[in-house]
Structure formats: structure tokens, C-alpha cells
Amino acid sequence: MKKRIIAIERQYASGGREIGKRLSEQLEIPYYDGQLLLLAAEKFGLNPGEVRDNDEKVNRSFLYSVAEAVENFRGSERGMLPYRIYQAQSETIRRLAMEGPCIFIGRCAGEILRGSGKCLNVFIYASDMDDRRERANRVDQVSLAEADRYIRMKDKQRRDYCRQYVNKEWGDPMNYDLCLNSSQLGYDTCVELIKRAL
């Protein structure tokens, strides 16, 4: 099997992170999710706490977007934080991809690496809301009463993040090489199908 880069976008509570971890173990290649934030923060001198707080989020204010664009156009060192975080993550993703095969979870890695010729773009979704509620409760301690609202909020954040930074429609099958329903297939089958697709 030819090893290369795998970029996994995922619905919240679909098990995309778990699938990525299992792939990492079986393929014996690095897996980057939250630690990508720390690598980016460290390399670019950003506050790790602020980076975590702004992860895969956008500021929806029009005035904020205008101010951000002006600061970036000027090349200001103090530029607005979300854009600086995205730029630092993008640079870190490209650097890690050049070092060798690995797996990226979220953060538009597939789009950042598009055209490199060595990235398999995967989207993981889950059609069973009961599965998603249970996972949100188990993994992130989201109460079952709040789970639906929280799941919608997290998916919207990811959708908005992709629109803002890479002008891509998150979850649109046309933007991925492989889309897998973890509710129907299970994690192990998703792992096997991604390995076959490589």
C-alpha cells in the first residue's frame, strides 16, 4: 500500500477522530488533531490558550471581517487572531505533509493540500442522531438534553470555518474523494475502506 496524506473532515460526533486514530495505529503514521494547534502556536509565537479557544471558529461580524482584511493587507504583525491562527495552522499542515505520510483531522487540511497530488480527502458523517448524541455525551460530556443543539452548533462552526477560509462547502461530496457513513459502516469498516482507497 502506498502511504500518503489522509485529510479527514467530519461531522461532530461522527467518530471521525476515532477513525483517524485507528488509521494512524494501523498504518503506523502520525495523526494530527489538537496537537496541530500546539505546534502552530509554538512555531508562530501564538498563545496556545487563545489558539484553542478560536479553533475551527470564525467571527461572523462584517466589521470584524473588514478590519481583518485591512490588517492582513497591510501585513500587520498584530493582524486579527483567527486569521493568524488559520495561517499558522496552514503553514504547519504543509510542513508536516512535506515530512512524510500522516493523517490530519479537520482544519481544512484537504483543501490546504489540494493540488499536491498526494492527499486523500475523506468526509465522515453519521446518519444516526442517537449515535451522535451518545458520542457527544460520552466523549465531551454534553448532556443528552442539550446534545441536538450542541451538535448543530458544532457542525455550523465547521461549515462556517470552511466557507470563510477555503471557500469550500463543508460536507459537499463533490469536495471529497471518499464520503463514509460511520453509523451504517462502523468505525472498523471505515478504516478498511480508507486503507483500500489509498
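1. A term comes first. A crossing of two helices is right-handed if the near helix is turned clockwise from the far one by less than a right angle. Helices H1 and H10 cross in this right-handed way. The model under review is a predicted one.

2. The overall make-up is as follows. The protein has 10 helices and five strands. Of its 198 residues, 47% count as buried. Take the contacts between residues at least 6 apart in sequence: 71% of them join residues at least 24 apart.

3. Back to the H1 and H10 pair. H1 covers residues 16-27 and H10 covers residues 187-197. Their axes lie 9 Å apart, and the packing angle is about 55°. That angle makes H1 oblique to H10. On the H1 side, the contact uses Glu 18, Ile 19, Arg 22, Leu 23, Gln 26 and Leu 27. On the H10 side, the contact uses Tyr 187, Asp 188, Cys 190, Val 191, Glu 192, Ile 194 and Lys 195. By class, the residues of this contact are seven nonpolar, one polar and five charged.

4. How do H5 and H8 lie relative to each other? The angle between H5 and H8 is about 80°, with the axes 12 Å apart. Angles of 65 to 115 degrees count as roughly perpendicular, so H5 and H8 are roughly perpendicular to each other. H5 brings Pro 82, Tyr 83, Tyr 86 and Gln 89 to the meeting. H8 brings Tyr 161, Gln 164, Tyr 165 and Val 166. The contact of H5 with H8 has six nonpolar residues, two polar ones and no charged ones.

5. Now the interior. Nonpolar side chains tend to be buried together in soluble globular proteins. The largest nonpolar core here has 23 residues. Those with the most contacts inside the core are Ile 5, Tyr 32, Leu 36, Tyr 86, Ile 93, Phe 104 and Leu 113. Which elements each supply at least two residues of this core? They are strand E1 (5-10), helix H5 (81-99), helix H6 (109-112), strand E4 (119-125) and helix H8 (147-166). H5 gives the most, with five residues.

6. Most residues other than glycine have a negative phi. Phi of Arg 107 is near 60°, a positive value in a residue other than glycine. Cys 108 likewise has a positive phi, near 60°. Arg 107 lies in the loop between strand E3 (103-105) and H6. Cys 108 is found in the loop between E3 and H6.

7. Arg 107 has a relative accessible area of 3%, so Arg 107 is buried. Cys 108, at 0%, counts as buried too.

8. Glu 134 and Ala 147 are 13 residues apart in sequence. In space they are 8.4 Å apart, C-alpha to C-alpha.

Key:
Residues numbered from 1 in each chain as written. Predicted model: local features only at pLDDT ≥ 70, side-chain atom pairs only at ≥ 80, totals over all residues. Heavy atoms only, no water. Axes fitted to C-alpha atoms, helices over the stretch in contact; angles between N-to-C directions. Helix = DSSP H or I, 4+ residues; strand = E, 2+ residues; numbered from the N terminus. Parallel < 35°, antiparallel > 145°, perpendicular 65-115°, else oblique. Contact = heavy atoms within 4.5 Å. Nonpolar A, V, L, I, M, F, W, Y, C, P; charged D, E, K, R; others polar. Core = buried A, V, L, I, M, F, W, Y, C linked by side-chain atoms within 4.5 Å. Buried < 20%, exposed > 50% of the residue type's maximum accessible area, 1.4 Å probe, protein only.
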